[in-house]
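Good morning, and thank you for coming. Please look at the structure on the screen while I speak about its charged pairs and one of its helices.

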Amino acid sequence: MSSSRFRFPRVTMPDAARALRQEVREFLAAERASGGFVPMADCWASGFSAEFSRKLGQRGWLGMTWPRQYGGHERSFLERYVVTEEMLAAGAPVMAHWIADRQSGTQMLRHASAEVKNRALPRMAAGQTFCAIGMSEPNTGSDLASVRTRADKVAGGWKVNGRKIWSTGAHGEGCDYMISLVRTAPADEKARHQGLSQLIIDLKAPGVTVRGIEDIGGQVHFNETLFEDVFVPESHLLGKEGHGWSLVVGELALERSGPERFLSSFIALREAMQVLAANPDDRTREVLGHLVARIKTLRRMSLGIAGLLQEGKSPETEAALVKDMATRFERELIEQLRVVLPEAVLLSSSGVLPRLMREAILRVPSSTLRGGTNEVLKGMIVRQLGLR
Ligand SMILES: Cc1cc2nc3c(=O)[nH]c(=O)nc-3n(C[C@H](O)[C@H](O)[C@H](O)COP(=O)(O)OP(=O)(O)OC[C@H]3O[C@@H](n4cnc5c(N)ncnc54)[C@H](O)[C@@H]3O)c2cc1C
């Protein structure tokens, strides 16, 4: 078995990225100090603030790698990595723009019509328009080829009928578009991946209903989205009709590629360190040492993925490997902190750290599901290793 089946190039941060990190840290420290945000666990999936996203847009920290022609800033993937990493490490409320900036915008840049790119991308880069992901349906999750949302050809476009589920952020202020995987030709049992297309659906169009779904903590961050005779113009097709499967695979690589897969609860570790570092016993030292060593390894791999993106690659299996390792780590991180933190901290009803721990405990089980379950990722990894 050859390790060269996975590539994680060693990445050296350019000077521009180091200077940017300092700038981002200063901005975040000032925002937190002035009450611009309170840090939260799982901030990229639960911290919705359209206002905060607009501030990042004004600073040029959204759409960073996109061409200037579409409101982007033509910066490197490593510079973008620095910004996302610092936002996550601070627990900043980045959910509003996360999906548009991470995957939908790039997917549009690669595959959308000129009309859509000119209209939507500059607004996304300014933090004025956000996106949701329309892959899963009731009875369709891991096996995406079984989607049943239908798009029938009509004059000037399609009429869409169906139901998407778990659509993160679709209810949020300014969430205007959902890139949806739909069936544009009947399913053929022998060629299930054919006849699928990706359409950009305007969530404000007549016939769209977005209904919030509460999670275990009572928070609404994802939704059920219904389409009843929704008209979608031809210009909202991504790529070519019937090519939806290869497009969705590319989109999933973007979705799985970032540092949020191991940094969702980092803010809890950071705050916990301040309590634990004062007088650590041997057990605490050992636990913290292991956690930090694993974060360093995951970060090295995750940076390698940013390096591959910079080379113009689509690192599907590297991203699957890191997501599997990273999300298992996230669950262990919270379990380990529960073991070493004093009971008085864990049970306290006030203070930042007890709240972060409560948020993280409730949300971390979803980490190994969202974006593709770990069992499914392992299937991709063993195929890459030639074991099946
Ligand atoms: C917090 C959260 C946010 C989400 N946000 C979005 C979103 O914005 N947009 C969106 O489209 N979806 C979203 N999802 C849905 C997510 O992508 C699906 O939950 C996930 O892909 C699994 O699908 P499923 O829930 O239907 O489970 P199923 O596919 O029914 O899987 C059930 C179990 O069977 C296992 N299994 C299935 N197939 C295989 C296989 N081939 N080999 C081995 N085991 C297998 C799975 O690992 C799992 O344990 C979100 C989910 C969560 C939890």
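I begin with Glu224, which is buried, its relative accessible area being 12%. In this talk, buried means under 20% relative accessible area, exposed means over 50%, and partly exposed lies in between, with a 1.4 Å probe and protein chains only. This is a predicted model, in which local features need pLDDT of at least 70 and side-chain atom pairs count only at pLDDT 80 or more, while totals for chains, interfaces and linings use all residues. Residues are numbered from 1 along each chain as its sequence is written, and side-chain values use heavy atoms, with hydrogens and water left out.

What does Glu224 pair with? Glu224 forms a salt bridge with Arg163, and the closest N and O atoms are 2.6 Å apart. A salt bridge here is a side-chain nitrogen of Lys or Arg within 4 Å of a carboxyl oxygen of Asp or Glu. Side chains of opposite charge can pair when their charged atoms come close. This pair links distant parts of the chain, with Glu224 in strand β7 and Arg163 in strand β3 (residues 157-165), 61 residues apart. Helices (H or I, at least four residues) and strands (E, at least two) are DSSP runs, numbered from the N terminus. Arg163 counts as partly exposed, at 39% relative accessibility.

Strand β7 leads us to a second pair. Glu234 forms a salt bridge with Lys153, with 3.0 Å between the closest N and O atoms. Glu234 lies in the loop between β7 (220-233) and β8 (237-238) and Lys153 in strand β2 (residues 150-154), so the pair ties together parts that are 81 residues apart in sequence. Glu234 is partly exposed at 44%, and Lys153 is partly exposed at 47%.

Glu311 is in the loop between α10 and α11, whereas Arg7 is in the segment before α1, 304 residues apart. Both partners are partly exposed: Glu311 has 41% relative accessibility, and Arg7 has 36%.

How many salt bridges are there by this rule? The count comes to 31. Some form a network, which links Arg21, Arg25, Glu85, Glu86 and Arg299.

Finally, I turn to helix α9 (residues 266-276), where Ile267, Ala268, Leu269, Glu271, Ala272 and Leu276 are buried. What covers these buried residues includes α1 (15-33), α4 (77-90), α10 (282-310), α11 (316-340) and α13 (352-363).

Key. Contact = heavy atoms within 4.5 Å.
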